[in-house]
Amino acid sequence: MEEIDLKELFEIFWSKKVQIILTILIFMTIGAIYTIEVIKPKYTSSTTLVLVQADSSNNKGNSESLTTSDLALNAKLVSTYSELIKSKNVVRQVISNLNIDVAEENLRKSITVNAVEDTELIKISVSNANPLYAEQMANEIANVFTEKVVEIYNLNNVYVVDKAEISTNPSNINHTKNIMIFSIAGIVIAFACTFVSSMLDTTVKTADDVEKKIKVPVLASIPKYDFK
């Protein structure tokens, strides 16, 4: 394969600048259409829970400070609670309480549970095409989960710090990011296609091409003349 220096490579790309720009614009348009028309917007609402002193139901009135053993217990319970939040027992109760038409499995998939690192905080997020449903389900999951903890563990150590609120902006759509991704893809494809097509093009266009092909100097060239 023939070697191409940077100057020659630049000249190749410059000669195809119109095609390259059009390709990038086409990809940007596709990205905008995909973002606006194809992606269905989803709204996410989040509520935050905190694990406090692990009071049993028999000691709910106890106001002792949080001990080291309490912190150790809460740290272990965070991961357990995170799984319990998405359990069938909790999900079914939420659907029943809200009386909403949503499949159990779909609701479970829409729930995201994150334990805030080095804290006793648990963040519950719910995504839905309806922002009102997302807010209602997030808050109801927190309420049902708190009741289940008392019922299952006989502990009253979970409290709601922040209630979920209705989100006004879709959580799964970022117009600028999507268009930029498609633009970068268009740039890569445009330059790659231009480079490959130039490498596969073996036609002779200039006197320099003749010298490269047959390894002899060009003594003269006849200009093209339009007799009309």
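Mentor: A pocket is found on a 1 Å grid over the protein atoms alone: it is an open set of points where a 1.4 Å probe fits, with protein on both sides within 12 Å along at least five of seven lines. Lining residues have an atom within 4 Å of a point.

Trainee: What should I know about the model and its numbering?

Mentor: This is a predicted model; local features need pLDDT of at least 70, side-chain atom pairs count only at pLDDT 80 or more, and totals for chains, interfaces and linings use all residues. Residues are numbered from 1 along each chain as its sequence is written, and side-chain values use heavy atoms, with hydrogens and water left out.

Trainee: Which residues line the second largest pocket?

Mentor: Among them are Lys40, Pro41, Lys42, Val102, Ser127 and Met137. The lining divides into 5 nonpolar, 4 polar and 3 charged residues. Here Ala, Val, Leu, Ile, Met, Phe, Trp, Tyr, Cys and Pro count as nonpolar, Asp, Glu, Lys and Arg as charged, and the others, Gly among them, as polar.

Trainee: Which element gives the most to this lining?

Mentor: Helix α5, with 4 residues. Helices (H or I, at least four residues) and strands (E, at least two) are DSSP runs, numbered from the N terminus. The chain has 8 helices and 4 strands. Their order is α-α-β-α-α-α-β-β-α-β-α-α.

Trainee: How do I read a core?

Mentor: A nonpolar core is a set of buried Ala, Val, Leu, Ile, Met, Phe, Trp, Tyr and Cys residues joined through side-chain atoms within 4.5 Å. Buried means under 20% relative accessible area, exposed over 50%, partly exposed in between (1.4 Å probe, protein chains only). The largest core here has 26 residues; Tyr81, Ile85 and Phe145 are among those with the most contacts inside it. Its largest share, 7 residues, comes from α6. Across the 228 residues of the chain, 28% count as buried.

Trainee: Is Asn178 buried or exposed?

Mentor: Asn178 counts as buried because its relative accessibility is 14%. Asn178 lies in helix α7 (residues 175–200). Leaving out residues up to four places away in sequence, Asn178 touches Thr35 and Ile39. Contact means heavy atoms within 4.5 Å.

Trainee: And what of Asn99?

Mentor: Asn99 lies in the loop between α4 and α5. Asn99 counts as exposed because its relative accessibility is 69%. Its phi is near 55°, a positive value in a residue other than glycine.
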